[in-house]
Amino acid sequence: MPVTVAAESLSSCAGCEISMLNMGGLFLELLKEIRIVHMPLLFDHKYFGQAGEENFIGIPEADIGIVSGGIRNEEQLEVALKVRAQCRILVALGTCATHGGIPALMNRYSDEDLFRRYYRTSETTEAAAPPNEVVPRFLDRTYALDEKARVDVYMAGCPPHPDYLGAMFQTLLDGQWPEMPTKSVCDTCPTRREGKGNVQKIRRFTRSARFQNEKPLSEMKCLLEQGLLCMGPVTRAGCAGLHGNVPMCISARVPCRGCFGPVKQDGNQLLDMLNALASNGIDVRSIPDRHSLLRFSGAHGRLIRASGRSPKGEGRDVRSPAEH
Amino acid sequence: MGKAFQIEPADTTQNHGEGARKVINIQPVTRIEGHARIAVHLDDEGNVADARVHIMSMRGFEKFIEGRPAEEVPRIVTRICGICPWQHHVASSKAVDGCFGASVPSVGRKLRELMQVMAHINDKILHFFFLAAPDFLLGSDSEYSVRNIMGIAEKSPKLAEKVVQMRYLGQMMMERFAGKAIHPVAVVPGGFSKPMVESERQELLAGSRQQLEFARYAMDFAKSRVFSATDPTTKRIGDITTGFLGTVNPADGSLNLYEGLLRLMRPDGSFHEFSSREYADFIGEHVEPWSYGKFPFAHAWGEGFSMDLEQPRGVYRTNCLARINVADCIDTPLAQAELVEFRSEFGRPAQSTMLYHRARLIELLHACEKVVELLESPDITDPRVRDEVWPRAGRGVGCVEAPRGTLIHDYSTDESGCITRANLIVGTTHNLAPINMSVKKAARDLIQNGKVDEGLLNRVEMAVRAYDP
């Protein structure tokens, strides 16, 4: 009996699913051992029966349930709960599912703010009331999957690297629990570090890092030590895959922005980064947009509405003028 | 399997049927990138009274990028779409360049174009073989559990292997040169984050020549096994008559995926041409109470907006069929030869919705040819790829042709270079009105006297898939 898989994507972009396809030949190998019973991107199973005759959302039973995306509206919540109920193991796939991801940046604003901008004041739009027929209502904010359903496996990444996805399936098929790396991006970064003390302020990424293109990354000075905000110290490793590559943004000579979420599932990238900077003598007021330190992990109540009370660990709006 | 888990009790929930057995819900629309629901409304005789495609959620990018330092935004808006993140990345960077008044060194521009066009290649392979082909190769009436890429892998393992390998190759080429291939980071305001070295150029050239070979194979395969084998009824699924929007090279009116003038063509073939900065003078967006997605229309035509099948008003289409309709020619030889053949057979503008599939493969050829051409240009390894940018108050409109259509990012910044206002019109949004019309047309043609079955509903969905939303 092949192992059955039901996959859903909620408030998301399909990047996680594309990363799955990027396993290449391994994807075809995997298809010999699993049987997909639900996966909207590739597979025609429908919620309301194949002829649209049912009135309630139906998800088939499966051994493994995989959910990408956060939970933004009532229908996504219903689907998430159905997948949970029908699957023995639930995987939260990608940083939106594990920590809210980029869409949780919306948690800073109210839906009224959004609708006013989108349906009433946009330059090209014929102003109208926000849609309210058939479309599901929004929840009060974007939730990570484990805020609404019990999660068995966390697979962070925006998107998770295909190497880890392949390893995750193989591990589950072997009856084991997959593990994510426990190191930080910094721990796996080959750039040259010289030590504390030389950088007082963070500069915006308005000009390139200093590096010699023909030389290996091990000869490029650490981007944080070049004065660029690099989230490597507080971000889970894994973007480089399992074959000895380097963190991917660093290989493009661009600083990390934290897309694999905090090193520990319940870590706080904002607090941890401010601590890391302060302990290195860097003035944290030089960061132009502190909320962005939570741009991948704003669920779990970390980012809340600007008008609301400041939650634990959330920065004030401090914006420094551009540094020229 | 490992440990067994207790199945939690199912959650009982609200009724989705809108209180009538007269509504047939097709949800989720499958083998598309986005999230949508089709509702077919039947009258008392069981014929189609109306059909709607509902976009069921939204994430709010236009709102939550407000206040962010503009140079960060090209790394945020990639998450609008995991299938076409490069196009959002590039359009956003262009918009930020505009806000900051930045110039981009010519090789920086070239590297942006290279990556943007390379990203089209993988997208088209994905769409044609993984999402659309199962309907044609396995049959639109075949059992739903085999009508997919897994079914193709079963039936034609060699083909599946080739397709999967080609996508893998494309993804690895992008990753090895530019870091992340999904949700890229290498395009930066002012240019590109790193130059290309000769060894990278050679490696990419070898890969891109393989891709070009594959594109020729894909076109031959599709002509002999798909297009010629499609029955006349299927060829007419979702046919409607609309205008078209795409980008052309100002010098010769040729297809351009990266930059140029926007050309908005009426159904009769006449057109307006304008720069991306002027988009709001030509395009408006209409709101319906039953979809979170807005409906762009050509307000420059002065006829308002209507999705009425007999008398549509203001409706135009984007994506590959639109681009090859508005372009006078294609500046790469293999794709140009295909365009000539296409035009002699279907005229200009070609209206048939199912022709999107053929147009997509013509663009696949063009993209592969263009990538080789760019990699062969002698200055592509020039080290000056980025100029410094200076945050300031300004406005910028960034535009590229994304796989699904003309992509527009329009930002304003304050004096510290943070976003104060953003307006986006993304590829698929342009096509929401035509998709609604095509679905209604398909449903009307296919559903009569209350007779509905699975294969038939799948053919209604084929009207959506053609647009690759």
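**View 1. Chain B has 14 helices and 14 strands.** Helices are DSSP runs of H or I with at least four residues and strands are runs of E with at least two, both numbered from the N terminus. This is a predicted model, in which local features need pLDDT of at least 70, side-chain atom pairs count only at pLDDT 80 or more, and totals for chains, interfaces and linings use all residues. Residues are numbered from 1 along each chain as its sequence is written, while chains are lettered from A and ligands numbered from 1 in the order in which they are written. Along the principal axes, the C-alpha atoms of chain B fill a box of roughly 65 × 60 × 50 Å.

**View 2. His35(B) sits in the loop between strand 1 (23-26) and strand 2 (36-42) of chain B.** His35(B) is buried because 23 other C-beta atoms lie within 10 Å; the cut-off for buried is 20 or more such atoms, exposed means 12 or fewer, and partly exposed lies in between, with C-beta atoms placed from the backbone. Of the 469 residues of chain B, 61% are buried. Leaving aside residues up to four places away in sequence, His35(B) touches Pro28(B), Met56(B) and Ser57(B), contact being C-beta atoms, placed from the backbone, within 7 Å.

**View 3. Domain 1 (15-57 + 435-464) and domain 2 (103-237 + 353-387) of chain B are in view.** Domain bounds come from an automatic or database domain assignment. The C-alpha centres of these two domains of chain B lie 31 Å apart. Ten residues of domain 1 of chain B and seven residues of domain 2 of chain B form the contact. On the domain 1 side, helix 13 (432-446) and helix 14 (454-465) of chain B each give two or more residues, and helix 14 gives the most, with six. That side divides into four nonpolar, three polar and three charged residues. Nonpolar covers Ala, Val, Leu, Ile, Met, Phe, Trp, Tyr, Cys and Pro, charged covers Asp, Glu, Lys and Arg, and the others, Gly among them, are polar.

**View 4. Chain A is assigned domain 1 (3-104 + 134-173) and domain 2 (182-307).** In chain A, 20 residues of domain 1 are in contact with 17 residues of domain 2. Helix 4 (95-99), strand 6 (138-143) and helix 6 (162-173) of chain A each supply at least two residues of the domain 1 side.

Terms used
Contact = placed C-beta atoms within 7 Å.
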